[in-house]
Amino acid sequence: MLFQIFDAFKPRLHDSNSKVTQVALEAMHKMVPLLKDNLSPVINMVIPAIVDNNLNSKNPGIYAAATNVIQALCQHLDTSLLLQPFCTKAQFLSGKAKQDLTEKLA
């Protein structure tokens, strides 16, 4: 069931309409504390959708929403669940996104 929900939700995290993306990120920020470690089955799908484009966005609202989601993940999930997906993404990112994710890893 969780996979079906996030399969439908994930495209909104990198929608071509920036307002849709920002609202999706803000919704994700609200979901993380509620779902906590129950997100573990979909975390490898969700993190790339949150990080790709959004952490390097020139839109301040999208960038802020993406960093808020990353922060919420770090606060509410077992950090061992985040280590592998964060490392994988940090290897292939550049700019501010690489710096932000590397700081979270440290």
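Thr21 sits in helix α2, residues 18-35. Helices here are DSSP runs of H or I with at least four residues, numbered from the N terminus. The model is predicted: local features need pLDDT of at least 70, side-chain atom pairs count only at pLDDT 80 or more, and totals for chains, interfaces and linings use all residues. Residues are numbered from 1 along each chain as its sequence is written, and side-chain values use heavy atoms, with hydrogens and water left out.

Buried means under 20% relative accessible area, exposed over 50%, and partly exposed in between, with a 1.4 Å probe and protein chains only.

| Residue | Relative accessible area | Class |
|---|---|---|
| Thr21 | 2% | buried |
| Gln22 | 23% | partly exposed |
| Lys89 | 15% | buried |

**Around helix α2**

Contact means heavy atoms within 4.5 Å. Leaving out residues up to four places away in sequence, Thr21 touches Arg12, Leu13, His14, Asp15, Asn54 and Ile62. Gln22 also lies in α2. With the exclusion of residues up to four places away in sequence, Gln22 touches Asn59, Gly61, Ile62 and Ala65. Gln22 and Lys36 are 14 residues apart in sequence; C-alpha to C-alpha, they are 21 Å apart in space.

**The core**

A nonpolar core is a set of buried Ala, Val, Leu, Ile, Met, Phe, Trp, Tyr and Cys residues joined through side-chain atoms within 4.5 Å. The largest one has 31 residues, and those with the most contacts inside it are Phe6, Leu25, Met28, Leu39, Ile50 and Leu73. Elements giving two or more residues to this core are α1 (2-9), α2, α3 (43-51), α4 (60-76), α5 (79-92) and α6 (95-105). Beyond four places in sequence, Leu25 touches Leu13, Ile50, Asn54, Ile62, Ala65, Ala66 and Val69.

**The α5 and α6 pair**

α5 and α6 pack at an angle of about 150°, with axes 9 Å apart. Axes are lines fitted to C-alpha atoms, for helices over the stretch in contact, and angles run from 0 to 180 degrees between N-to-C directions. The two helices are therefore roughly antiparallel, a class for angles over 145 degrees. From α5, the contact uses Leu83, Phe86, Cys87, Lys89, Ala90 and Gln91; from α6, Lys98, Leu101, Thr102, Lys104 and Leu105. These residues divide into six nonpolar, two polar and three charged.

Lys89 belongs to α5. Not counting residues up to four places away in sequence, Lys89 touches Ile47, Pro48, Val51, Asp52 and Leu101.

Technical notes. Angles under 35 degrees count as roughly parallel, over 145 as roughly antiparallel, 65 to 115 as roughly perpendicular and the rest as oblique. Ala, Val, Leu, Ile, Met, Phe, Trp, Tyr, Cys and Pro count as nonpolar, Asp, Glu, Lys and Arg as charged, and the others, Gly among them, as polar.
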